[in-house]
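Trainee: Could we go through this model together, step by step, with a question for each point?

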Amino acid sequence: MDTLKHELKQMIVTTLLLEEVSPEDIADEAPLFGQEGLGLDSVDALQLVVQIENDYGVIIENEEVGREVFASINHLADFIAAKRS
Amino acid sequence: MPWHETLIRVRFNEVDPWGVVWYANYFIYVEAARCEILERFDLLPDALWSHGYTAPVIRLSADFKAPARFNDRLTVRMAIRPQETAKLVFAFQIVHHERGHLIMQGETEQVLLNHRGSMIYRLTGELADKVQAMSDSLSRHS
């Protein structure tokens with residue numbers, strides 16, 4: 001699970017071309033969206049959804065699902081692990 | 001892949017006190033061209049609404065190269081940039097119809113929201129087929 005979380009942090013930084021954030025800066029429980037966390041927005045989510053589908057074969061249909069899934073790295077890793085198993 | 005082309009004539013009320021088209025009015029011409037394309041693929045706003053969606057513009061870019069003046073005839077060229085995500089990106093150029101020089105060019109980017117205001121991450125069903133048909137017909141990479 002820790003490997004998956006690290007992969008996801010790397011994927012977020014690479015996919016969104018984040019220049020001032022390294023994977024190590026992203027805490028497992030920190031919110032990915034909004035000012036309190038990484039500060040991503042709904043258009044960033046659109047990019048991540050395609051990358052997650054390509055990398056893990058897991059589909060996130062829309063923002064209503066995405067709001068839960070992208071709550072934090074912990075939530076995202078749990079969702080992917082559950083869908084893959 | 002050819003551009004979709006729409007012919008426009010500049011009206012008196014669209015030019016500014018300097019006698020040239022006011023910058024934001026070019027987007028009215030772009031919108032007329034976009035609607036022609038959307039109508040061809042049965043994707044006008046009312047059709048999109050009946051599928052359950054709206055498509056707000058979330059990004060706009062434009063470069064202005066030369067002025068257009070009252071009564072000029074302009075060709076609005078429009079194409080679609082293929083997307084991996086559930087977005088619609090239209091590329092456009094406005095050229096002088098007779099003289100052929102470039103007046104302005106740019107892109108608009110739209111996302112799809114359902115009627116609850118949530119963004120759609122994947123296109124499915126009949127809407128996906130229509131968008132695919134439009135994209136296949138008008139895709140342009142450069």
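Mentor: Let us begin with a term: two residues are in contact if their C-beta atoms, placed from the backbone, lie within 7 Å. Please keep in mind throughout that this is a predicted model.

Trainee: Leaving out residues up to four places away in sequence, which residue of chain A does Ile120(B) touch?

Mentor: Ile120(B) has several partners in chain B, namely Tyr53(B), Ala86(B), Leu112(B), Leu113(B) and Asn114(B). The list also holds one name from chain A, and that residue is Asn62(A).

Trainee: What pattern does chain A follow along the sequence?

Mentor: Chain A has 4 helices and 0 strands. Read from one end of the sequence to the other, the pattern is therefore α-α-α-α.

Trainee: What radius of gyration does chain A have, and how does that value sit beside the one for a compact globule?

Mentor: The C-alpha trace of chain A spans about 35 × 25 × 20 Å along its principal axes. For 85 residues, a compact globule would have a radius of gyration near 12 Å, and chain A agrees with this, its own value being 12 Å.

Trainee: Which residue of S6(B) is the bridge partner of Phe92(B)?

Mentor: Strand S5 (residues 87–96) of chain B pairs with S6(B) in the antiparallel sense over 9 bridges. These two strands form a hairpin with 5 residues between them, and Gly100(B) in the turn has a positive phi of about 85 degrees. In S6(B), the partner of Phe92(B) is Gly106(B).

Trainee: How many residues are in the largest nonpolar core?

Mentor: In soluble globular proteins, nonpolar side chains tend to be buried together. Here the residues with the most contacts inside the largest core include Leu46(A) and Val49(A) as well as Met119(B) and Ile120(B). Helix H1 (2–15), H2 and helix H4 (73–84) of chain A each give two or more residues to this core, and the number of residues in the core is 26.

Conventions
Residues numbered from 1 in each chain as written. Chains lettered and ligands numbered in written order. Predicted model: local features only at pLDDT ≥ 70, side-chain atom pairs only at ≥ 80, totals over all residues. Rg over C-alpha atoms; globule rule 2.2 N^0.38 Å. Pairing = 2+ DSSP bridges. Core = buried A, V, L, I, M, F, W, Y, C linked by C-beta atoms within 7 Å. Buried ≥ 20, exposed ≤ 12 C-beta atoms within 10 Å, placed from the backbone.
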